[in-house]
Amino acid sequence: MDHARNFYAGPSVLPVSVLEEIQKEMVDYKGSGLSLVETSHRSPEYDEVHFNAINLMKEIYGLPENYKVLFIGGGATMQFSMIPMNFLSGGRTCDFTLTGTWSKKAYDDAVKLGNVNVVFDGKDGSYTSLPDPATLKAGSGSSYFHMTSNETIGGIQWKDWPDTGDVPIFCDMSSDILSRPVPFEKFGMIYAGAQKNLGPSGLAVVIIREDMLDKVNPDITAYLDYRIHASKDSLYNTPPVFPIYAMSLVLQKVKDTGGLEGVMKRNAEKSGLIYDAIDNSGGFYKSPVDASVRSDMNVVFTMESEDLEKEFIAEAKKQRMYGLKGHRSVGGCRASIYNSLPVEDVKALTDFMKEFQKAKS
Ligand SMILES: *Cc1c(COP(=O)(O)O)cnc(C)c1O
């Protein structure tokens, strides 16, 4: 049977070739006689996978020497706790941009541990737009400036970064990591749950500038301490072996298909196709977000009535297009079109959108 078309927001699409490779290697990893998931994380087999994943991430991003790639269990949500525990507690202050559900969650954890200065809150506009980054200023003496590069639920994405001077940007890139170049010199840290653009869930990838490690709260317990993960190359304890292994295959695939440039080219085509379909529908499909900050990863759209949306989602499902329901908090429809989603699947969706509209008018 053909693989269905996967528009889920997360966990989300993985390349079929990667799933097949995992299947092939699941019982006997490269002739070792064991599955990798039952092999010690101190074994040479796992070691190779682990450092290969780190190196591929560095290579694809062209990461400067003074940044470390860390793999930490617990997803991005764990980072919402770890960041303030490391960099905010002890009476320190940080800056926050509130741009939707995910930044709000990160904020809710941060305020429990220190002072948070809100530099932007999109609440009045129902989180459908973003300010010009040039208008944002970091507070003097702030430990970090927190942003969420892509709001997965609301479907908005920063297209540029503010100039925060000496204050490093810390950015949740869960839903658009590895989809475009990052000017790392502005960033003290980026982090992402793996299950959108990188692999299976349960793993966070953290890319942190080395000098940040000198600022860690010294009274922190081992697992929560970035210095421990950095000094042990994320092998202090048993890492999430399976997600890291699967991610290494995804990263290899990215490298083999044109690297970051290839990803960007495919993503531009995909988001162009679907936003064109919305814009050219004569108002049948509507994008509720400011056109200048539309997400290239999560395309949110609405129709005239909830009933019509329900029918659209059900009909799409019959055609084996899954995951088009909007998040329960905002409703409507959402097509998540992450890095691994083939262009053909977006074409199939836009064809279906046109057919559905025709049938209904
Ligand atoms: C999915 C997501 C998260 C949460 O990730 P978990 O791995 O479930 O903790 C955080 N931030 C953003 C932007 C997300 O899209």
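**Salt bridges in close-up**

The structure, a predicted model, holds 12 salt bridges.

**View A. The salt bridge between Lys68 and Asp233.** The closest N and O atoms of this pair are 3.5 Å apart. Lys68 is partly exposed, at 24% relative accessibility. Asp233 is also partly exposed, its relative accessible area being 30%.

**View B. The side chains of Lys159 and Asp296 meet in a salt bridge.** The N to O distance is 3.8 Å. Here too, distant parts of the chain are linked, the residues being 137 apart. Lys159 lies in the loop between β7 (156-157) and β8 (169-172). Asp296 is found in the loop between α7 (259-279) and β11 (298-301). With a relative accessible area of 38%, Lys159 counts as partly exposed. Asp296 has a value of 29% and is partly exposed as well.

**View C. Arg227 and Asp225 form a salt bridge.** Their closest N and O atoms are 2.9 Å apart. Asp225 is buried, because its relative accessibility of 5% falls under 20%. Arg227 is partly exposed, with a relative accessible area of 32%.

Technical notes
Residues are numbered from 1 along each chain as its sequence is written. This is a predicted model: local features need pLDDT of at least 70, side-chain atom pairs count only at pLDDT 80 or more; totals for chains, interfaces and linings use all residues. Side-chain values use heavy atoms; hydrogens and water are left out. A salt bridge is a side-chain nitrogen of Lys or Arg within 4 Å of a carboxyl oxygen of Asp or Glu. Buried means under 20% relative accessible area, exposed over 50%, partly exposed in between (1.4 Å probe, protein chains only). Helices (H or I, at least four residues) and strands (E, at least two) are DSSP runs, numbered from the N terminus.
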